[in-house]
Amino acid sequence: MKIFSLSKLREGLQKTRTLLSNQFSKILLGNKKLTDDEINKLKETLLLADFGSSFSEHIIEEAENSYTKNKLDISIQELVQQEIIKSLSINSELNNNLELPHVIMVVGINGVGKTTTVAKIANIFLKKGKKVLIGAADTFRAAANEQLTIWAERVKVEIISQKPGADPSAVAFDTLQSAIARNFDVVIIDTAGRLHTKANLMNELSKMKRALKKLIPTAPHEILFVLDASTGQNGVQQAKIFNDALRLTGIIVTKLDGTAKGGIVVNIVHQLKIPISYIGVGEQLEDLQEFDAQTYTNELFKIPDEVN
Ligand SMILES: Nc1nc2c(ncn2[C@@H]2O[C@H](COP(=O)(O)OP(=O)(O)O)[C@@H](O)[C@H]2O)c(=O)[nH]1
Ligand SMILES: [Mg+2]
């Protein structure tokens, strides 16, 4: 059972949906071969909403194929929806082992929403009745500990932290050790988003991964990359760097509520072939949602009861 609120999702995707429905209503009438004008308009729309050039090219190809083959039974919007679902339907490589605790590392650059997301994921697991421990392994900024501690109190989840400047891998190790000793179900580790250089950050995160493996060889079971929806192609590049260094198992797209570029969700999966685990549609606790491809796709387009 996935945890999400349909109304929050609908609200969060409002800007993207408005963009798409305005654009789609201008073109794409009827099931016929597209004119060059319509193809350009379609491409422009998909790029505006940040679906990315690779997915957009793919759509144009599919559209041309369908219409030259006289498969006139669906509209362009339906075709786009179909292809979005197809693109998003990839399986996570994470081995869903039954080993406990289940260990999750949350990574990404500064300001994307890692720390708040850690608390929100903890909340989702708590709602499912799990015993959750979080680790404050962003030891580079003094404020990071405080911020996570405040969230932990709000969510009512236990937290392991050390002094600012402590070795982040040691914090992660301590958190997992404590979780094992006290039979926790889930461990979620917050990490730093910035060091002196990118290479330093990747080394530090790789070291943390190895530290966790000393206690549980299959850990971390998930490495989730947090992406701010408004960062576009730049964010996709960041994800590639993190993936090369760490092998990401999933992506969390935050701040979808603030942008009309909700297509980034499809863009990143299309390019990286890494599944979306959660999406953020606001700053409240319940605004982090477990990702459901079908529901997301439905909500991207104008829903029938919204028409006039
Ligand atoms: N509007 C909106 N804001 C978000 C979302 N997720 C996180 N934020 C905000 O982004 C800011 C940075 O978050 P933080 O967790 O400190 O980022 P970190 O530097 O990656 O740890 C905070 O003000 C969060 O409330 C979201 O889905 N929507
Ligand atoms: Mg943080």
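I count two strands as paired if DSSP finds at least two bridges between them. With that cut-off I went through this predicted model.

**Entry: strand S5 against S6**

I looked up the contact between S5 (residues 222-228) and S6 first. Five bridges join the two strands, and they run parallel. That clears the cut-off of at least two bridges. I picked out one pair by name: valine 226 has isoleucine 252, in S6, as its bridge partner.

Next I followed the chain. S5, helix H10 (residues 232-246) and S6 form a β-α-β unit, and the unit is right-handed.

**Entry: S6 and its other neighbour**

Which strand do three bridges join to S6? I found S7 (residues 276-280), again running parallel. In this pairing, valine 253 has isoleucine 279 of S7 as its bridge partner. From S6 the chain passes through helix H11 (residues 264-272) to S7, a right-handed β-α-β crossover.

I then checked burial. S6 (residues 250-254) has four of its five residues buried, so the rest of the structure largely encloses the strand.

**Entry: helix H10**

I checked the length of H10. With 15 residues at 1.5 Å a residue, the helix should span 21 Å. The end C-alpha atoms of H10 are 21 Å apart, so the two values agree.

Which residues of H10 are buried? I noted Gly235, Val236, Gln238, Ala239 and Phe242. They cover an arc of only 160 degrees around the axis, so they sit on the same side of H10. An α-helix has 3.6 residues a turn, so residues three or four places apart point the same way. On the other side of H10, I found Asn234, Gln237 and Asp244 exposed.

**Entry: strand S1**

I moved to S1 (residues 102-107). The strand is mostly covered, with six of its six residues buried. Side chains in a regular strand alternate between the two faces of the sheet.

What does S1 pair with over five bridges? It is S4 (residues 186-191), in the parallel sense. Valine 103 has valine 187, in S4, as its bridge partner. S1 also pairs with S5, over four bridges and in the parallel sense. There, valine 106 has leucine 224 of S5 as its bridge partner.

**Entry: helix H2**

I listed the buried residues of H2 as Thr16, Arg17, Leu19 and Leu20. Their arc around the axis is only 160 degrees, which puts them on the same side of H2. Which residues on the other side of H2 are exposed? I noted Thr18, Asn22, Ser25 and Lys26.

**Entry: ligand 1**

Last, I looked around ligand 1. Of the 18 residues around ligand 1, Gly113, Lys114, Thr115, Thr116 and Gly280 come nearest. Helix H6 (residues 114-127) gives the largest share of this shell, three residues.

Note on methods:
Residues are numbered from 1 along each chain as its sequence is written. Chains are lettered from A and ligands numbered from 1 in the order in which they are written. This is a predicted model: local features need pLDDT of at least 70, side-chain atom pairs count only at pLDDT 80 or more; totals for chains, interfaces and linings use all residues. A residue is near a molecule or strand if its C-beta atom, placed from the backbone, lies within 6 Å of it. A residue is buried if 20 or more other C-beta atoms lie within 10 Å of its own, exposed if 12 or fewer, and partly exposed in between; C-beta atoms are placed from the backbone. A crossover is right-handed if, with the strands pointing away from the viewer, the path from the first strand over the helix to the second runs clockwise. The expected span of a helix is 1.5 Å times one less than its number of residues. The arc is that of the directions from the helix axis to the C-beta atoms.
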